[in-house]
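Subject: Structure handover

Hello,

Here is the structure for your files. My notes on it follow below.

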Amino acid sequence: MKISIDEILNCACNDLNNNCGCNNENDNNNNMGKKELLKRISEVGFALYDLNLFLDTHPHCEEALKLFKNLAFTLKSLKNTYQTKYGPLEAMYSSDETPFEWVSENQKWPWQKEGE
């Protein structure tokens, strides 16, 4: 089954090289809530990992390579949006000034928020 870049990224511009300038994905990222961003990061990350495995066995597939590059760009954009709005996704992205900020009172674990 052939999947187009549009179906994965929901962008109507049909540009595989990130030269469209439409910012559809970035605009959508900024309008997403915390849960939606995390879900999208998970989905795109999974697709990127799966495509990486495909490229291990099909290294000369130009269409897959273009899709991989586009998904990598999208994942980076999603992660940047999330970290700007909600803080680090991983400990290594924590700021130097406040180590362990991901466990501060402002950044509770999901199970700690259930009763609120």
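Leucine 67 counts as buried because its relative accessibility is 13%. Buried means under 20% relative accessible area, exposed means over 50%, and partly exposed lies in between, with a 1.4 Å probe and protein chains only. Leucine 67 sits in helix α4.

A word on provenance. This is a predicted model, where local features need pLDDT of at least 70, side-chain atom pairs count only at pLDDT 80 or more, and totals for chains, interfaces and linings use all residues. Residues are numbered from 1 along each chain as its sequence is written, and side-chain values use heavy atoms, with hydrogens and water left out.

The fold, in brief. The protein has five helices and zero strands. Along the sequence the pattern reads α-α-α-α-α. Helices (H or I, at least four residues) and strands (E, at least two) are DSSP runs, numbered from the N terminus.

Now the pair α3 and α4. Two packed helices are described by the angle between their axes and the distance between the axes. Helix α3 covers residues 34-57 and helix α4 residues 62-86; their axes come within 9 Å and cross at roughly 155 degrees. Axes here are lines fitted to C-alpha atoms, for helices over the stretch in contact, and angles run from 0 to 180 degrees between N-to-C directions. So α3 and α4 are roughly antiparallel. The classes are: under 35 degrees roughly parallel, over 145 roughly antiparallel, 65 to 115 roughly perpendicular, the rest oblique. The residues of the α3 contact with α4 divide into 19 nonpolar, four polar and four charged. Ala, Val, Leu, Ile, Met, Phe, Trp, Tyr, Cys and Pro count as nonpolar, Asp, Glu, Lys and Arg as charged, and the others, Gly among them, as polar.

Two more residues deserve a look. Valine 44 is in helix α3. It is buried, at 1% relative accessibility. Beyond residues up to four places away in sequence, valine 44 touches Leu71, Thr74, Leu75 and Leu78. Contact means heavy atoms within 4.5 Å. Valine 44 and leucine 75 are 31 residues apart along the chain, yet their C-alpha atoms are separated by 6.2 Å.

Threonine 81 belongs to helix α4. It is also buried, with a relative accessible area of 11%. Leaving aside neighbours within four places in sequence, threonine 81 contacts Asn29, Asn30 and Leu37.

Last, the whole chain. Of its 116 residues, 23% count as buried.

Best wishes
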